[in-house]
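Here is a protein to walk through, one piece at a time. Keep the sequence and the structure side by side as you read.

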Amino acid sequence: MSLSGLLPDCIYAIIAFVNIVVDTDVWVAGACGSGHANRVLRLCLEGHFIPLMGAALLAEHEVVLGRESIWRKARLSAAEREALLDVFLSICQWTRIYYAWRPNLGDEADNHLMELAVAGRADYLVTRNVRHLRGGELRFPHISVVTPTQLFKEQA
């Protein structure tokens, strides 16, 4: 049987992976059940987005996880939040940053997010504070810095 005989019966699928960096503030809001941030986490867990993770972002997540003042209104217990982070990390694509771009963002602590996005070829950097991440001296036009709400508008 020739290959040409199989073609009419084949189903072709083009799978487009969307790499995203999920800022800690979005992860926290999602873990607290906040609207579109919660939906970002859910769609990552369902495989619609591929979240990128690096050493600096992981350290930031772990620090935030230990701040009880942030979690006062959370529906999840401390153990459930840790379990959620473990599950989230299990689906993240670990990304090493070999070159420090230092885009000189207004908040020095946010530079690692853009570096992770560049290293992982992210399509989106999802944050609830776009103001801090759009003002750098070094620009990366292929990376869209968006809020969770903007992400869903662009993906529609």
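Start with Val87, which is found in helix H5 (residues 78–91); helices (H or I, at least four residues) and strands (E, at least two) are DSSP runs, numbered from the N terminus. This is a predicted model: local features need pLDDT of at least 70, side-chain atom pairs count only at pLDDT 80 or more, and totals for chains, interfaces and linings use all residues. Residues are numbered from 1 along each chain as its sequence is written, and side-chain values use heavy atoms, leaving out hydrogens and water.

Buried means under 20% relative accessible area, exposed over 50%, and partly exposed in between (1.4 Å probe, protein chains only).

Cys92 counts as buried because its relative accessibility is 14%. Cys92 touches Pro51 and Met53, leaving aside residues up to four places away in sequence. Contact means heavy atoms within 4.5 Å.

Pro51 is also touched by Val22. Other contacts of Val22 include Trp27, Val40 and Phe88, again not counting residues up to four places away in sequence.

Now turn to helix H8 (residues 148–155). Its buried residues are Pro148, Leu151 and Phe152. They lie on the same side of H8, because they cover an arc of only 90° around the axis. The arc is that of the directions from the helix axis to the C-beta atoms. What covers them includes helix H2 (24–31), helix H3 (35–45), strand S4 (124–126) and strand S5 (144–146).
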